[in-house]
Structure formats: structure tokens, C-alpha cells
Amino acid sequence: MRERQRQRQNSDMAKDSDYGAFMEKFVLQPSPSAHELPLSALTFAVKDIYDVDGYVTGFGNPDWARTHPAAMSTAPAVLAVLRAGATCIGKTVMDEMAYSINGENIYYGTPRNPCAPDRVPGGSSSGSAVAVGTKLVDFALGTDTGGSVRVPASYCGILGFRPSHDIVSTTGVIPMAQSFDSMGWFARDPVILNRVGRVLLQLPDVDPVNPSQIIIAEDCFQLSAIPSDRVTEPLFKSVSKLFEGDLVKHAILGDYVKENVPSLKQFMTKENADQEYNIPSLAALSSAMRLLQRYEFKKNHGEWVSTVKPDLGPGISERVWEAIRTTDENVDVCHSVKTELRAALNALLGDCGVLAIPTVPGPPPKLQCDPIPLEAFRAKAFSLLSIAGVSGFCQVSIPLGLYDNLPVAISLLAKHGSDGFLLNLVESLYKNIQEEVGIAEKKGY
């Protein structure tokens with residue numbers, strides 16, 4: 001079906017030339033076609049969590065690679081973009097066992113953030129984001145359980161799309177926690193982001209539908225270290241230019257979630273209520289998500305971890321062993337929270353409604369940052385990331401240039417199954433948003 005070439009990269013020079021993004025390089029050619037295919041002439045890279053026939057799927061850790069055989073087949077998501085005409089040029093570095101949003105890997109090196117070389121690239125799909133951000137490929141495949149596409153997209157100044165949960169096949173992808181696992185993809189260009197999405201989602205080309213409303217979650221923007229006007233103004237002005245009527249509305253999302261997701265009460269602990277830097281109901285949402293994530297991670301990998309006792313990097317080791325100790329207490333409540341949140345956000349947005357939040361609560365942290373001060377940042381990040389994670393809604397992270405020389409992003413969410421609508425909306429808005437960002441940057445804002 002396609003020609004394969006192995007070009008292993010062992011030298012530091014090769015690692016340096018590709019910003020440390022790649023685990024190994026090889027070429028998978030699309031099958032020859034008589035007609036123009038949607039992804040013809042585009043190149044892509046694949047996170048080392050996807051099976052590629054004949055290669056070991058390394059899952060970011062040498063002990064995993066050592067104890068697993070080469071894949072016997074290629075993941076359907078990878079095959080889909082190959083069949084659509086794209087060429088794969090290799091596998092990318094990821095955080096160990098996908099259990100971090102930082103992007104640092106003590107074994108395979110940390111891919112270099114193209115926007116801010118002294119900052120983390122974001123994880124766990126770090127290499128895929130860096131490969132796109134540095135123009136080594138046109139697009140890349142990642143995965144997103146807790147934020148592993150959205151965070152690196154934000155930190156690396158590119159577009160990142162997490163589709164509706166369970167809508168694109170994750171067969172041939174090492175699971176982390178199936179209640180939240182989603183594949184995802186990165187691009188610099190909204191047209192390519194959309195085209196890749198239509199292939200993966202098996203969507204026809206349809207005319208864009210105007211949004212019915214765009215709700216700015218005021219309290220979520222208060223969590224961000226970036227002035228909220230710098231993040232919301234480019235969106236507000238672009239929407240006003242493109243669409244008639246008063247589409248932009250404002251809401252206090254935390255209050256709405258607290259009132260409409262009754263099962264969250266189980267997670268409204270004193271600790272969540274006392275986080276002065278957070279929104280109590282969203283902190284509770286994050287607690288529910290992370291509990292179910294730990295429980296499912298243990299079901300997937302507990303036996304391997306307990307038997308092999310892998311050498312894991314700092315931070316990741318603690319999280320993995322915490323997961324191994326998790327019991328099934330409150331797991332049923334987590335499933336109720338998922339159902340209630342999806343219903344509540346469906347009611348809030350309606351058909352063709354969009355929710356706007358910051359992707360993350362601030363600029364990317366510095367490399368090898370002390371984990372203690374990072375805890376407050378992580379807590380706020382997961383409060384934001386758990387909204388799409390728990391509801392299963394689709395989310396896109398859109399770059400908004402630089403603030404204080406560091407990358408800024410905003411996210412748009414739409415209800416489950418509205419992926420084509422959201423991809424079209426990003427393509428419609430993108431040029432105007434970037435023009436408004438340029439104006440904001442010129443003002444020194």
C-alpha cells in the first residue's frame with residue numbers, strides 16, 4: 001500500500017534540527033491515486049501512542065517499549081489520513097504514559113517550544129505540537145484525555161482540535177482513560193485543520209452555519225493571568241464584523257454548573273471550596289474527572305506497572321502510583337456528573353451555540369519549574385480543561401499571538417457532535433481574529 005523507509009535519528013545534530021520533536025523518522029506514503037485527494041501533498045507526524053505496523057508503540061517510556069512487541073497493524077486514524085493523500089514522516093515524542101500536560105520527558109528529551117524556548121511545550125502530545133509549530137509538518141496527530149492536545153497547542157501558538165468524545169476511532173491507540181480519551185490534531189492553518197477534521201470525522205463539505213450565540217464565561221477568564229480583554233476582544237470584534245445581531249453573551253459558568261450538576265456535591269470538598277485562586281464547582285468537576293481518570297488508568301495499566309515497576313520521571317511517577325492505589329469509591333458518581341454536565345451545557349448553548357474560555361490559565365511555565373508553585377496553575381488549568389473533558393464536547397484552541405512575548409490562546413467549545421460546525425466557524429473567524437490580534441499587539445497589549 002505504501003513504501004516505508006526507516007531513518008532512525010540517533011545523532012544530537014538530527015535531534016537539534018527537528019527541535020527534539022521526533023522519536024524516529026520514517027516515511028509512510030499514501031497509496032497512489034488517479035484523482036486529487038483532500039490531503040494530497042500534506043505531511044504529518046504521529047504521536048508515539050498510535051500503532052504503526054512494524055514499529056513498537058513506545059508510550060513515552062523506555063520500559064514500556066522494551067516490554068512490548070512491534071505493532072501488527074496501523075491505527076485507523078493514521079490509515080484514514082494516509083488514504084486521504086497525506087504522507088507520514090515519523091513518530092513524535094510524548095510525556096511518559098501520557099500522564100502530564102507539561103511536555104518534559106527525562107528519557108527522550110523535551111521538544112523545544114518554538115514560541116518560547118525557555119518554556120515547556122505542553123504535553124502529553126509535545127512532539128506533535130512542536131513539529132507543527134516549527135513547520136516540520138503540515139499537521140500532526142495527538143491524543144487528549146485531560147488536555148494533551150489543547151495545552152500544547154496553546155503553549156506552541158498553533159491550532160489544536162479535540163473532537164467530541166468517542167466520535168473518532170481510538171482503535172490502535174494505547175488507552176489512558178476511556179471515559180475521556182480522544183484523538184486530536186494540530187495545524188497552523190485553519191483550512192488544513194478543517195480538512196483533516198473532515199477526513200477523520202468522515203464529514204461532507206457543507207456550508208458554514210452561523211452561530212446562534214457565543215457565550216463568554218466571565219469567571220473562567222478571571223482565572224487567567226492574561227488580562228481578559230486581551231483574550232476576549234479579538235474574538236468579540238471578529239464576531240461583530242462577521243455576523244449580524246448581538247451574538248455575544250456573558251455568563252458565570254461556575255454558578256451555572258453548580259446549580260445544574262447536582263452530583264458534583266460529592267466533590268465540593270472544603271479543599272475545592274477554599275481554593276481562592278479557583279472556581280469551586282469547576283475545581284470539583286476537575287476532581288471528578290481526575291478520580292475517574294485514575295481509576296481507568298489503573299484498570300488499563302495497573303498490572304503492567306505493578307509487575308514491571310517502570311522507571312518513571314518526577315511528577316509522573318507520583319501520579320501513576322497514586323492511580324494504582326485508587327479504589328472504585330465514587331466512580332459511579334463520576335459517571336452521573338458526566339451525564340448531568342452534558343445535559344446542562346446542551347441546555348446552555350442550544351444548537352449552534354459556542355462557549356468561549358481561556359485554553360489554559362496563563363503562559364507556558366518555565367522548563368524544569370519547581371512543581372510546588374506549579375500546583376495552583378495545574379489546578380486552574382484542569383478546572384478549564386475538565387469542561388470539555390467531562391461533557392465530551394468538542395473544543396478548539398486558537399492562538400492569539402504573544403502577550404509579554406509569550407503565547408496566548410482562547411478556546412471555543414460546541415456541543416457533542418457539532419465538530420463540523422466548530423471547524424467551519426474557526427475557518428470563518430480565523431483571519432479576522434489574527435488581524436485583531438495584530439492590532440492588540442501593536443498597542444503593546
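A charge is said to sit over a ring if NZ of Lys or CZ of Arg is within 6 Å of the ring centre and within 35 degrees of the ring normal. In this predicted model, where residues are numbered from 1 along each chain as its sequence is written, local features need pLDDT of at least 70, side-chain atom pairs count only at pLDDT 80 or more, and totals for chains, interfaces and linings use all residues. Side-chain values use heavy atoms, with hydrogens and water left out.

The charged end of Lys 338 sits over the ring of Phe 180, 5.6 Å from its centre, and Lys 25 lies over the face of Phe 22, at 4.8 Å from the ring centre. One aromatic cluster is formed by Phe 59, Trp 64 and Trp 304.

Turning to the strands, which like the helices are DSSP runs numbered from the N terminus (strands E, at least two residues; helices H or I, at least four), β10 covers residues 353–358, and six of its six residues are buried, that is, under 20% relative accessible area with a 1.4 Å probe and protein chains only. On one side of β10 lie Gly 353, Leu 355 and Ile 357, and on the other Val 354, Ala 356 and Pro 358, so that both faces are covered. Strands pair if DSSP finds at least two bridges between them; β10 is joined by four bridges to β8 (residues 213–217), the two running parallel, and Ile 216 stands opposite Ala 356 in β10. Four bridges also join β10 to β12 (residues 406–414), here antiparallel, with Ile 410 in β12 as the bridge partner of Pro 358.

A nonpolar core is a set of buried Ala, Val, Leu, Ile, Met, Phe, Trp, Tyr and Cys residues joined through side-chain atoms within 4.5 Å. The largest has 78 residues, of which Phe 44, Tyr 50, Phe 139, Leu 141, Trp 185 and Leu 412 touch the most other members. Helix α15 (residues 419–442) gives the largest share of this core, nine residues. A second, separate core of 48 residues includes Val 120, Leu 292, Phe 377 and Ala 388.

Finally, Ser 154 has its place in helix α5 (residues 150–156) and is buried, with a relative accessible area of 2%. Not counting residues up to four places away in sequence, Ser 154 touches Thr 359, Val 360, Ser 397, Pro 407 and Ala 409, contact meaning heavy atoms within 4.5 Å.

Conventions:
Phe/Tyr/Trp six-rings, centres within 6.5 Å; stacked < 30°, edge-to-face > 60°. Buried < 20%, exposed > 50% of the residue type's maximum accessible area, 1.4 Å probe, protein only.
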